[in-house]
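Please look over the protein shown here.

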Amino acid sequence: MKNKRHETILELIEKNNIETQEELVERLCEAGFNVTQATVSRDIRTLHLYKKNMGDGKSKYQVDKKNDYTLDSKYKRVLSDGFVSIDMAQNILVIKTVSGMAMAVAAAVDSMKFPEVVGTIAGDDTIMMAIRTVEDTKALMEKIKELVAA
């Protein structure tokens with residue numbers, strides 16, 4: 001439930017100019033989550049959100065770019081533990097994993113919410129990821145290599 005709530009929070013702040021915790025509580029309630037301001041406050045810390053000044057006297061919640069694809073160390077651990085290699089073909093990334101780990105690694109990568117990813121398909125030991133552009137593919141490949149090396 002907490003992971004789904006966190007995903008919803010990230011979607012909400014991406015699509016809306018949410019200025020206050022109270023507004024975020026209200027939007028989450030509308031989305032079917034019964035939360036308190038205290039819960040949202042903890043979620044904001046966990047997700048590394050901050051308020052960005054919009055220049056017109058208003059501010060909105062945003063993801064700290066240093067942490068935007070490292071929401072949880074367990075995703076990095078699953079990626080690192082299952083990762084064997086990565087290669088690209090135009091705008092498709094192919095990740096080879098330890099046998100039987102492709103679905104878990106794909107789920108971890110999907111949970112990292114890389115904006116470049118259009119979709120992910122996993123087999124037993126291979127993941128194919130459709131990426132928006134060739135340039136995005138190269139950039140994402142480097143991000144994933146950095147995550148695995150860390």
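Arginine 5 touches Leu28, Phe33, Val35, Thr39 and Asp43, leaving aside residues up to four places away in sequence; a contact means heavy atoms within 4.5 Å. The model is predicted, so local features need pLDDT of at least 70 and side-chain atom pairs count only at pLDDT 80 or more, while totals for chains, interfaces and linings use all residues. Residues are numbered from 1 along each chain as its sequence is written, and side-chain values use heavy atoms, with hydrogens and water left out.

**Arginine 5**
- Arginine 5 is placed in helix α1, residues 2-15; helices (H or I, at least four residues) and strands (E, at least two) are DSSP runs numbered from the N terminus.
- Arginine 5 counts as buried because its relative accessibility is 11%, where buried means under 20% relative accessible area, exposed over 50% and partly exposed in between (1.4 Å probe, protein chains only).

**Isoleucine 92**
- Isoleucine 92 belongs to strand β4, residues 92-97.
- With 30% relative accessibility, isoleucine 92 counts as partly exposed.

**Helices α4 and α5**
- The axes of α4 (residues 73-82) and α5 (residues 102-111) come within 9 Å and cross at roughly 140°; axes are lines fitted to C-alpha atoms, for helices over the stretch in contact, with angles from 0 to 180 degrees between N-to-C directions.
- Tyr75, Val78, Leu79 and Gly82 of α4 make this contact with Ala104, Val105, Ala108, Val109 and Ser111 of α5.

**Whole protein**
- The protein has six helices and six strands, in the order α-α-α-β-β-α-β-β-α-β-β-α from the N terminus.
- Of its 150 residues, 38% are buried.
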